[in-house]
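Subject: Structure handover

Hello,

Here is the structure for you to look over. My notes on what was found follow below it.

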Amino acid sequence: MPRLVLLRHGQSQWNHEKRFTGWADVDLTETGVREAEHAAALLRRNHITPGVCFTSYLRRAIRTLWIVMEQMDLMWLPVIRDWRLNERHYGALQGRLRSEVAAEVGLDLVRAWRRSYGERPPPLAEDDPRFPRLDPRYADLGPAAWPATESLADTVKRVVPVWDGQIVPALRGGRTVLISAHGNSLRALIMHIDRMSPEDVPALEIPTGRPLVYELDDAMQPLSHGYLHEAPPLAAPTAD
């Protein structure tokens, strides 16, 4: 039975400071490191061993994955990095305190930018030093990898092809797949897997550092899913 593990990165510095992060390359806090270590412990306790890993181009997701792999003695696993698993791009809001922005434009608009399906924040100017075209990670990828801002709907459009083209083939190959990514790229993936409607999106919240495990059928439809917890552990696999 195909098994998928979704893991939002541990707490980042800008999570802690309540700033809009998006594609800004912010590292983990010490709390975030501990969350990643705890995620690895939960996977071990529940006898879940990834066979292939996916992550974004952003260090908070990459470092979370490194910590999990190291703690599980799985540093040798193949890792596929894909910019399409990046966090949603928050445009000109990136780096700003959410409270500051709310004081300027109102809490309702901030909530719409953060939680709605179709609202885009104000875009970056193309000559802004934060614009993706000016980042060496994305410079050779072309305009598709240079968003000035994104809605969750935009994020869904770039995440679903990764699911169809890379993640599903890995699952069909019999390997447990671990994806270390971000709140909104994982929301996009969950929307697609669970066939959620845009009206359900505002209530979908993904905690940092908590493995979410999906058991899938051969058609990649979910049979069950849930966050790992301390006890009781899942049953250990039996020998064939």
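Which residues does I167 touch, not counting residues up to four places away in sequence? I167 touches L4, F54, V162, V177 and I179. Contact here means heavy atoms within 4.5 Å.

Some ground rules before the rest. This is a predicted model, in which local features need pLDDT of at least 70 and side-chain atom pairs count only at pLDDT 80 or more, while totals for chains, interfaces and linings use all residues. Residues are numbered from 1 along each chain as its sequence is written, and side-chain values use heavy atoms, with hydrogens and water left out.

Cores

In soluble globular proteins, nonpolar side chains tend to be buried together. The largest nonpolar core here has 31 residues. Such a core is a set of buried Ala, Val, Leu, Ile, Met, Phe, Trp, Tyr and Cys residues joined through side-chain atoms within 4.5 Å. Buried means under 20% relative accessible area, exposed over 50%, and partly exposed in between (1.4 Å probe, protein chains only). L4, L6, W163, I167, V177 and I179 touch the most other members.

At least two residues of this core come from each of β1 (3–8), β2 (52–55), α6, β4 (177–181), α7 and β5 (212–216). Helices (H or I, at least four residues) and strands (E, at least two) are DSSP runs, numbered from the N terminus. The most is given by α6, with 10 residues.

Helix pairs

Take α6 (residues 152–172) and α7 (residues 183–194) to start. They pack at an angle of about 70 degrees, with axes 8 Å apart. That makes α6 roughly perpendicular to α7. Axes are lines fitted to C-alpha atoms, for helices over the stretch in contact, and angles run from 0 to 180 degrees between N-to-C directions. Angles under 35 degrees count as roughly parallel, over 145 as roughly antiparallel, 65 to 115 as roughly perpendicular and the rest as oblique.

The crossing of α6 and α7 is right-handed. That term applies if the near helix is turned clockwise from the far one by less than a right angle, and left-handed if anticlockwise. On the α6 side, the contact uses L152, T155, V156, V159, V160, W163 and D164. On the α7 side are N184, S185, R187, A188, L189, M191, H192 and I193. The residues of this contact divide into nine nonpolar, four polar and two charged. Ala, Val, Leu, Ile, Met, Phe, Trp, Tyr, Cys and Pro count as nonpolar, Asp, Glu, Lys and Arg as charged, and the others, Gly among them, as polar.

Next, α2 (residues 30–45) and α3. Their axes come within 8 Å and cross at roughly 45 degrees. The two helices are therefore oblique to each other. Their crossing is right-handed. V33, A36, E37, A39, A40, L43 and R44 of α2 meet T64, I67, V68 and Q71 of α3. This contact has seven nonpolar, two polar and two charged residues.

Loops and backbone

Most residues other than glycine have a negative phi. D73 has a positive phi of about 55 degrees. D73 sits in the loop between α3 (59–71) and β3 (79–81), and counts as exposed at 61% relative accessibility. R195 also has a positive phi of about 55 degrees. R195 is in the loop between α7 and β5, and counts as exposed at 64% relative accessibility.

Best wishes
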